[in-house]
Amino acid sequence: MSGAGKVVCVTGASGYIASWLVKVLLQSGYIVKATVSNLSDSKKTDHLLALDGAKERLHLFEANLMDQGSFDSAVNGCDGVFHTASPSFLSAPHPHAEIIEPAVKGTLNVLRSCAKVPSVKRVVITSSMASVVFNGTQCTPDVVVDETWFSDPAVCENMKLYYPLSKTLAEEAAWKFAKENMIDLVTIHPAVVLGPLLPPVINGSVELVIQLLKGNQMFPNEVFGYVDVRDVANAHIQAMEVASASGRYCLVGCVAHMCDLLKILKDLYPSLNIPEKCEDEQLQLPKYQVSDLKAKSLGINFVPLEVSLRDTVESLKEKGFINI
């Protein structure tokens, strides 16, 4: 793909996914207008400014999700906009004010900025599988999750799943606004994202790997979908570039139980002291399936989980977050 001469905006550019998105966009020749919440915070900016092509084609802007008009200058003159900025933590003392409101209002504020700019041809929003799977359906091996699934806000609220609720409500608001304002919108729904880190801080999904390496006696009885951060970045760009791209895209390279991850880690690092007993061994949760047809229509061939896990661990070692 060649982005020569094209101008795009990436919101929340300092994040795990967004940093990789900026990296690949710059590699592909795009001019990138990237927003961060604080231009004075070197942890948000230094790793972006160090990317190949940043000196020539990366322009940083400060923007706040809660401030209407905050994204106007970053979006102005762009051909496309990638909206990745959103709270990415699972809990908070005041979840509605700290997780849900910034996700929903931030999405609408970015879209309002886009609606003012005739040059913006498409907007790609980073959503999550969290806005897909929480609808009360029991996920069993014969179940195939696909893009027609939508999380139910009532289910999320009742289970106090505030991050899935934020993603679900933000996506609902985005589709409504896009329809009313004739914005060409695509949403990307990654599962748990693994792979090398570019920012100098730990994010929630990589923290999961660190927990598994701590040598606890037991591991949690949990099943998740997984996808590599590099596949997520590429899917965003393909969703912008492929003219026929539309609607929602589930991004799940594989579905695995915690014991599957531990087996891979043990094979990769035989000397590791990793947990061998499940907290709930009698009731081990079953795996389910996620359709990859739409993702493959974007040309995504998923990085194997073994490679994502190895590269995550090596990146954590290189940055000094773990010592194994």
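Which strands does helix H1 (residues 16-27) lie across, and at about what angle does H1 run to S1? Helix H1 lies across S1, S2 (31-36), S3, S4, S5 (122-126) and S7 (185-190), running at about 165° to S1. This is a predicted model, in which local features need pLDDT of at least 70, side-chain atom pairs count only at pLDDT 80 or more, and totals for chains, interfaces and linings use all residues. Residues are numbered from 1 along each chain as its sequence is written, and side-chain values use heavy atoms, with hydrogens and water left out.

**Sheet**
- Seven strands form an open sheet with parallel pairing, in the order S3-S2-S1-S4-S5-S7-S11.
- Strands S3 (58-62) and S11 (247-251) stand at the edges; each has a single partner strand, so one side of each lacks a neighbour in the sheet.
- On average, neighbouring strands of this sheet are turned by 20° against each other, direction ignored.
- S1 and S4 (residues 80-83) run parallel and are joined by 4 bridges.
- Histidine 83 in S4 is the bridge partner of threonine 11.
- Strands (E, at least two residues) and helices (H or I, at least four) are DSSP runs, numbered from the N terminus.
- Two strands pair if DSSP finds at least two bridges between them.

- Helix H9 (residues 229-241) lies across S4, S5, S7 and S11, at about 155° to S5.
- Axes are lines fitted to C-alpha atoms, for helices over the stretch in contact; angles run from 0 to 180 degrees between N-to-C directions.

**Valine 8**
- Valine 8 is in strand S1 (residues 7-11).
- Its relative accessible area is 2%, so valine 8 is buried (buried is under 20%, exposed over 50%, partly exposed in between; 1.4 Å probe, protein chains only).
- Beyond its neighbours within four places in sequence, valine 8 is in contact with Leu25, Tyr30, Ile31, Val32, Lys33, Cys78, Gly80 and Phe82 (contact means heavy atoms within 4.5 Å).

**Rings and charges**
- The whole structure holds 1 aromatic pair.
- Phenylalanine 224 and tyrosine 226 form this edge-to-face pair, 6.4 Å centre to centre with 85° between the planes.
- Rings of Phe, Tyr and Trp (its six-membered ring) pair if their centres lie within 6.5 Å; planes under 30 degrees apart count as stacked, over 60 as edge-to-face and the rest as tilted.
- Phenylalanine 224 is partly exposed at 27% relative accessibility; tyrosine 226 is buried at 2%.
- The charged end of arginine 248 sits over the ring of phenylalanine 150, 3.7 Å from its centre (NZ of Lys or CZ of Arg within 6 Å of the ring centre and within 35 degrees of the ring normal).
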